[in-house]
Structure formats: C-alpha cells, structure tokens
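Okay, thanks for coming, everyone.

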Amino acid sequence: MKKFQGVYIKNEREIACLAEANRIVANILDAIGDMIAPGLETMRIEELALDCCAKYKVKPAFQGYFGYPYAVCCSVNEQVVHGFPSARKLREGDIVSVDMGVVYEGFVGDAARTWPVGRVSEDAMKLMRVTEESLYVGIDKARAGNNVYDIGAAVQWFVEAAGFNVVRRFVGHGVGAKMHEKPEVPNFRPAFRGITLQPGMVIAIEPMVTAGTYEVDILDDKWTAVTRDGGLAAHFEHSVAVTHGEPRILSISDRGLGRRIISA
Ligand code: MF3
Ligand code: CO
C-alpha cells in the first residue's frame, strides 16, 4: 500500500472495503440505539453486537485487541471511553456511549455514538449535542491540503466556546487494515504540526468531551476511563475518507448519517 509521510494511502478497492466495514458498524449502532432504554442491562448491547456480527459475517474488531474482553465499549455517565458491558442496568437520566468496530475483508470499521437514556438533564443534552456537532466541525477540516491538526484545533475551539472540554489522553487515528494506524488525530491543538492530509487517507475522528475537567483516570479493570472530577462525558466517532473534494464519511448506516441532533 502506498504511503505519504508514513500514512497509508488507500486505493478505490480498499476504500470500498472500509466503507462496507463502516456501513455495518453504523447499522449495528442504529440497532443498539433502538434498544437503549431505562432498565436495559449493558451486557444486552454486547449480545446484540455479537449477534449482528454473526449476521453480517464480520469479526468484532475490539475483542482481543490488547486483551480488550468485549466487542463493544459501553461507557455510562462519567465513563469517557472503554467501559465494559456488564450486568449494570441503564437508568433514566443516564447517558451511554457505545463504541463498536468490525473487521470486513481485512478492513476495520470504527464508530461511536452517545445516547440519552429516557429523559436526561438539559446539561447532559447540551453536552451530547455539542460533542456530536464538534465531530462534524472536525470532519469539515478533513480535506486534502489541510494539516491533520487543523481538525483538532477546530474541534477544541468549538467545544471550549460551548463551555466544555476535550479529552487529551485519547485521540483519533488513521484506520485501515489495522484499527490504529498513523496519523494520530487529536481533538485539540497540539504543540507541533502534523502531516498534510492527502486524498486516500482514512481517519477516525472521535472527540471525547467533558462537562468539567478533561483529566481522566483509568479504573482498576485497566480499561475504563472516567473523568477525574466525576463529571459527564460524551463521545462521537466517524471514520472519514479524505478525497479530492468533500470529506467522505464512511460510517453511514442504511438509515443515513445517524446524526440525530442538528444544532442551529
Ligand atoms: N474507537 C476506539 C479507538 O479507536 C476503540 C478501541 S477499544 C479497544 O481507540 F478496546 F479496542 F481498544
Ligand atoms: Co476509534
């Protein structure tokens, strides 16, 4: 595979496989979104995801990745990312982030969304709306000729203007035959410049946004990232191909973008 500044440039066939992998992920996220309700055990989300993988004849991408035990990450409230599905029941007022990846024909699809559980507070709704919108603000910078760090700068500016913060500890990433490829795609403006985006690069943009501090801690399970101050966190992720024209979002389901919240 061709490389530019260490980043793989995908050809048409490879982009087509990534698009299919991500379409499947987005369809699975649609199905998960439909079942989110007060009383749902988060392990049901894992089970649905595994059933869907069987139906689509794909492999879950996360299970076994550096020993991660599950097909999905389910992160509730102050959990930022990499939460384990469990016997925990979702409660009215919670927010839940689900991150899902599959491998199709050797290529990885990767996307995430956050949902309200029943009725949630105005603050929680705003956090989710701003996080989702910040993802599209970042995607708009995923254009050939831009620097990869233009994405993070735009995300950070948007999020902070809304009074929230972006997590520094985890970043987006190139995605292809491996889940994590070069380049890193931070959701903030780093101290040094990154690579220049080229047509054929595929990146996962995934802002993690917090109501309070952006500092996170990792629980004793070695995975679950939680906000240090216990404040809420939201997470939205799309895999995006850089083209000669508009950014091409690959994680689009058969229902459409899955963008439920459009701010003015
Ligand atoms: N979307 C996450 C990421 O890009 C999912 C990784 S979870 C893991 O880093 F368990 F697989 F690591
Ligand atoms: Co990712």
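I'll go through a metal site and then the cysteines.

Quick ground rules: this is a predicted model, where local features need pLDDT of at least 70, side-chain atom pairs count only at pLDDT 80 or more, and totals for chains, interfaces and linings use all residues. Residues are numbered from 1 along each chain as its sequence is written, chains are lettered from A and ligands numbered from 1 in the order written, and side-chain values use heavy atoms, with hydrogens and water left out.

So, what holds the cobalt ion (ligand 2)? Its protein donors are Asp 110 (OD), His 173 (NE2), Glu 206 (OE) and Glu 237 (OE), at 2.0 to 2.3 Å. Donors here are N, O and S atoms within 2.8 Å of the metal (3.2 Å for Na, K and Ca); water is not among the atoms, so sites may look incomplete. Along the chain, the spacing reads D-x62-H-x32-E-x30-E. His 173 sits in strand E9 (residues 172–174) and Glu 237 in the loop between strands E15 (233–235) and E16 (238–241), so this pair ties together parts 64 residues apart in sequence. Strands are DSSP runs of at least two residues, numbered from the N terminus.

His 173 is buried at 5% relative accessible area, and Glu 237 is buried at 1%. Buried means under 20%, with a 1.4 Å probe and protein chains only.

Now, how many disulfides are there? A search of the whole structure finds 0, a disulfide being two cysteine sulfurs within 2.5 Å. For Cys 17, the nearest cysteine sulfur, in Cys 53, is 17 Å away.

Conventions. Helix = DSSP H or I, 4+ residues; strand = E, 2+ residues; numbered from the N terminus. Buried < 20%, exposed > 50% of the residue type's maximum accessible area, 1.4 Å probe, protein only.
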